[in-house]
Amino acid sequence: MGILKQRIVFSILIIFFATSFQAFSANSYRRTFTVMTYNVENLFDSLHDESKDDYTFLPLSRKQTDSEVRAYCASLGNPYYRSQCFDLDWNENVVINKIQNIARVIKESGSPDIIVLQEVENINVLRKLKNIGLSSEGYRELVLVEGPDKRGIDVAIMSKLPLVGDVKYHQIDLSPAYEEGETVKLTRGILEATFNFKGKRFSVFANHWPSQRNSDETRVIASKTLIKIL
């Protein structure tokens, strides 16, 4: 074999070895993982969940014919939310478009190993996000527990790292923020999930505390609840 040919073969071997080692190293020896939190702002499917006030996020074809939906929309005191409830056409095409937009943001953020999501309606639409928008990104674990939020929005976690142990859901008791006899609003709880990275366990706590329409005290209660859990 000539010297030039030997050099070419040797160079190819070096490139192959370096590429193979880089891929092997990235998958097996990386020392860090990435976490992202993302409020996806009303990621609803186009179906009605029993006992949830998700009527705004239904197809217009159903809103125009379903007396239960129209009665709920008419009961809303805020003109903006009432109009949205009557007129928003939340059909399957809209859902898919929203999923694709969310997935684009996640991909442009490097498809982090763990994503904590706020305002996800249910496991059904979370699966759609994984299977339609992020099918090639390697997410293997989907974590969501249905909470008591009346609108039906929950917190969720997607992970490329393996889930270990039981998922826990910690409800937040807001009753200390209310006067005796007042109706206590139910809020999203704290979702706890434990994952394994290189043989070590760590826990993630997904939060979505009461909005600013509630008193400051409710968010103080939520923070104290998290501290107690920790």
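Across which strands does helix 5 lie, and at about what angle does helix 5 run to strand 1? The views below come from a predicted model, in which local features need pLDDT of at least 70 and side-chain atom pairs count only at pLDDT 80 or more, while totals for chains, interfaces and linings use all residues. Residues are numbered from 1 along each chain as its sequence is written, and side-chain values use heavy atoms, with hydrogens and water left out.

View 1. Helix 5 lies across strand 1 and strand 2 and runs at about 165° to strand 1 (angles run from 0 to 180 degrees between N-to-C directions, with axes fitted to C-alpha atoms, for helices over the stretch in contact; helices, H or I of at least four residues, and strands, E of at least two, are DSSP runs numbered from the N terminus). Helix 6 touches strand 1, strand 2, strand 3 and strand 4 (154-159), and its direction makes about 155° with that of strand 3 (contact means heavy atoms within 4.5 Å).

View 2. Four strands in the order 1-2-4-3 form an open sheet with mixed pairing (two strands pair if DSSP finds at least two bridges between them). Strand 1 (35-43) and strand 3 (141-144) each have a single partner strand and stand at the edges, so one side of each is left without a neighbour in the sheet. Strand 1 and strand 2 (residues 114-120) run parallel and are joined by six bridges, with Thr37 opposite Val116 in strand 2.

**View 3. Packing of helix 5 with helix 6.** Helix 5 (residues 92-108) and helix 6 (residues 123-133) pack at an angle of about 65°, their axes being 9 Å apart. Residues making the contact include Val95 and Ile99 of helix 5 and Leu129 and Ile132 of helix 6.
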